[in-house]
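Here are some notes for a colleague who is opening this entry for the first time. Please read them with the model on screen, point by point.

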Amino acid sequence: MSVHAILKMGDPRLLRQAELVTDFTDPALHTLIADMFDTMQFNNGVGLAAPQIGVNLQIVIFGFKHNSRYPHAEQVPETVLINPVLTPLNRKHEVLDIEDGWEGCLSLPGFRGLVPRSTKLHYEGFDQYRNIINREVEGFHARVVQHECDHLVGVLYPMRMKDLSHFGFADELFPQLNVSND
Ligand code: NI
């Protein structure tokens, strides 16, 4: 197990469509996921997608009990999600219920942005043992899953923003939180 370098925005490998995982018995898959957890925890992240360490597969991990980078966020169960399919829920009058919230990303160290996301989400996929994951979630959990799965289609959160005046350095935007320079 080891901590990997995280690709930063500008690296073209972050803009690729990731490929489906087809072999769940490959020991390399389990090594990769262990390395992803090491890398996420070393960087104090709440989630990580395989493309962020240069592996172009549809694998994301996320979850935390408490995280200093998001001190007010409710906890999210530790999850491995492979080949995910996301469906936004909560349609009101045929319009998706969208909410702005602050996000950061280990591929954009030091920055935060206000990003619109669906407030309620159904997602399904597999864990690393090919067990089915099938959940309806909302709030920060829904936001994290949308953020991480965007990495699988080559989308970084600034590409989802509508107003770049709400994009900047975390320590300037939130000086009172004393957030780390990640
Ligand atoms: Ni990210």
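1. Arg13 counts as partly exposed because its relative accessible area is 37%, where buried means under 20%, exposed over 50% and partly exposed in between (1.4 Å probe, protein chains only). Its partner in a salt bridge is Asp11, with the closest N and O atoms 2.8 Å apart, a salt bridge being a side-chain nitrogen of Lys or Arg within 4 Å of a carboxyl oxygen of Asp or Glu. Asp11 is itself buried, with a relative accessible area of 18%.

2. A word on the basis of these values: this is a predicted model, in which local features need pLDDT of at least 70 and side-chain atom pairs count only at pLDDT 80 or more, whereas totals for chains, interfaces and linings use all residues. Residues are numbered from 1 along each chain as its sequence is written, and side-chain values use heavy atoms, with hydrogens and water left out.

3. How many salt bridges does a search of the whole structure find? The search gives 5, and one of them joins the side chains of Glu103 and Arg143, at 2.8 Å from N to O. Glu103 belongs to strand β6 (residues 98–103) and Arg143 to helix α2, so this pair ties together parts that are 40 residues apart in sequence; helices (H or I, at least four residues) and strands (E, at least two) are DSSP runs, numbered from the N terminus. Glu103 and Arg143 are both buried.

4. Another salt bridge is formed by the side chains of Asp150 and Arg160, again with 2.8 Å from N to O. This pair links distant parts of the chain, since Asp150 sits in helix α2 and Arg160 in the loop between α2 and β10 (167–169), 10 residues apart. Asp150 is buried, with a relative accessible area of 8%, while Arg160 is partly exposed at 36%. A network of salt bridges links Glu103, Arg117, Arg143, Asp150 and Arg160.

5. The largest nonpolar core has 20 residues, and those with the most contacts inside it are Val60, Phe62, Leu81, Tyr123, Phe140 and Val145. Such a core is a set of buried Ala, Val, Leu, Ile, Met, Phe, Trp, Tyr and Cys residues joined through side-chain atoms within 4.5 Å. Two or more residues come from each of β2 (59–64), β3, β8 (120–126), β9 (132–138) and α2 (139–150), and α2 gives the most, with 5 residues. A second, separate core has 17 residues, including Met40, Leu48, Ile53 and Ile82.

6. Thr119 is found in the loop between β7 (111–118) and β8, and it is buried, with a relative accessible area of 14%. Leaving aside residues up to four places away in sequence, Thr119 touches Asn90, Asp97, Ile98, Glu99, Val137, Glu138, Gly139 and Ala142, where contact means heavy atoms within 4.5 Å.

7. Two backbone angles deserve a look, because most residues other than glycine have a negative phi. Asn44, which is not a glycine, has a positive phi of about 60 degrees; Asn44 is in the loop between α1 (27–42) and β1 (47–49) and counts as partly exposed, at 30% relative accessibility. Asn83 also has a positive phi, near 50 degrees, but Asn83 is found in strand β3 (residues 76–88) and counts as buried, at 13% relative accessibility.
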